[in-house]
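Try each task before reading its solution.

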Amino acid sequence: MQTKEEREGRPCGDGGSHSPTIEIRALRTSEDATAFRTLNEEWITRYFALEAKDREILEDPEKAILRRGGYIFMVHAGGAAIGCAALIPMGNDVYELSKMAISPRLRGLGIGRKLLEHVVAQARVMGARSLFLGSSTKLRNAVHLYESVGFRHVSSEQIPQMPYTRADIFMEIQL
């Protein structure tokens, strides 16, 4: 469930010295779309190579996600976009959690956890049955984060086909 602050688009977070005060909201502007692309290109190219599906989604997230009934969540702090995640509808109230990224300079501060918890809560509010994702053994911290909020490992046959060659871990959470 969204907090009152999140529903009203106000900042959330502890505002402490370790983690900045953040606002999580839907993608709204062309600047958000640019940040969505930049944040994702950074982590993907750091560990892997951009694939055709990455390019399709990042070049036109409105067409690839939003017009299909999906959602893109942006994390802002200090007036800048510092993180993002998407829910891509797959039918039957099942969504892929995709394109989750946090600015490299702010990783390890709990922002990714706040974003992931927000996305899962929003999926519940929307009536989603489940979320699934594909990740990589190279991304141990991300996999641990997903496990810590309730995602469970499944075989690739238990989820919709994953278009990314980098995906070698598959996870799902029932809502």
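What percentage of the 175 residues in the protein chain is buried? Buried residues make up 48% of them, where buried means under 20% relative accessible area, exposed over 50% and partly exposed in between (1.4 Å probe, protein chains only).

A note before we go on: this is a predicted model, in which local features need pLDDT of at least 70, side-chain atom pairs count only at pLDDT 80 or more, and totals for chains, interfaces and linings use all residues. Residues are numbered from 1 along each chain as its sequence is written, and side-chain values use heavy atoms, with hydrogens and water left out.

**Exercise 1. List the elements of the chain in order.**

Step 1. Helices (H or I, at least four residues) and strands (E, at least two) are DSSP runs, numbered from the N terminus. The protein chain has 6 helices and 7 strands.

Step 2. Reading from the N terminus, the order is α-β-α-α-α-β-β-β-α-β-α-β-β.

Step 3. For contacts (heavy atoms within 4.5 Å) with a separation of 6 or more, residues 24 or more positions apart account for 61%.

**Exercise 2. Work out the sheet order and find its edges.**

Step 1. Two strands pair if DSSP finds at least two bridges between them. The 7 strands form an open sheet with mixed pairing, in the order β1-β2-β3-β4-β5-β7-β6.

Step 2. β1 (23–26) and β6 are the edge strands, each pairing on one side only.

Step 3. On average, and with direction ignored, neighbouring strands of this sheet are turned by 30 degrees against each other.

Step 4. Begin at β1, which pairs with β2 in the antiparallel sense over 4 bridges. Here Glu-23 stands opposite His-76 in β2.

**Exercise 3. Describe how the helices pack.**

Step 1. Axes are lines fitted to C-alpha atoms, for helices over the stretch in contact, and angles run from 0 to 180 degrees between N-to-C directions. α2 and α3 pack at about 160 degrees, with axes 9 Å apart.

Step 2. Angles under 35 degrees count as roughly parallel, over 145 as roughly antiparallel, 65 to 115 as roughly perpendicular and the rest as oblique. α2 and α3 are therefore roughly antiparallel.

Step 3. The α2 and α3 contact includes Phe-36 and Ile-44 of α2 and Ile-57 and Leu-58 of α3.

Step 4. The axes of α5 and α6 (residues 140–148) come within 10 Å and cross at roughly 45 degrees, so this pair is oblique. Gly-112, Arg-113 and Leu-116 of α5 meet Leu-145, Tyr-146 and Ser-148 of α6.

Step 5. α6 also lies across β4, β5, β6 and β7, running at about 20 degrees to β7.

**Exercise 4. Find salt bridges and say what they connect.**

Step 1. Take a side-chain nitrogen of Lys or Arg within 4 Å of a carboxyl oxygen of Asp or Glu as a salt bridge. The count comes to 10 salt bridges.

Step 2. Asp-32 and Arg-25 form one, with the closest N and O atoms 2.7 Å apart, and both residues are buried.

Step 3. In the bridge between Glu-42 and Arg-107, the closest N and O atoms are 2.5 Å apart. Glu-42 lies in helix α2 (residues 30–47) and Arg-107 in the loop between β4 (94–102) and α5 (111–126), so the pair ties together parts 65 residues apart in sequence. Arg-107 counts as partly exposed because its relative accessibility is 31%.

Step 4. Asp-54 and Arg-166 meet at 2.7 Å, N to O. Asp-54 lies in helix α3 (residues 52–59) and Arg-166 in the loop between β6 (152–154) and β7 (169–174), so this pair ties together parts 112 residues apart in sequence. Both Asp-54 and Arg-166 are buried.

Step 5. Shared partners join Glu-51, Asp-54, Lys-99 and Arg-166 into one salt-bridge network.
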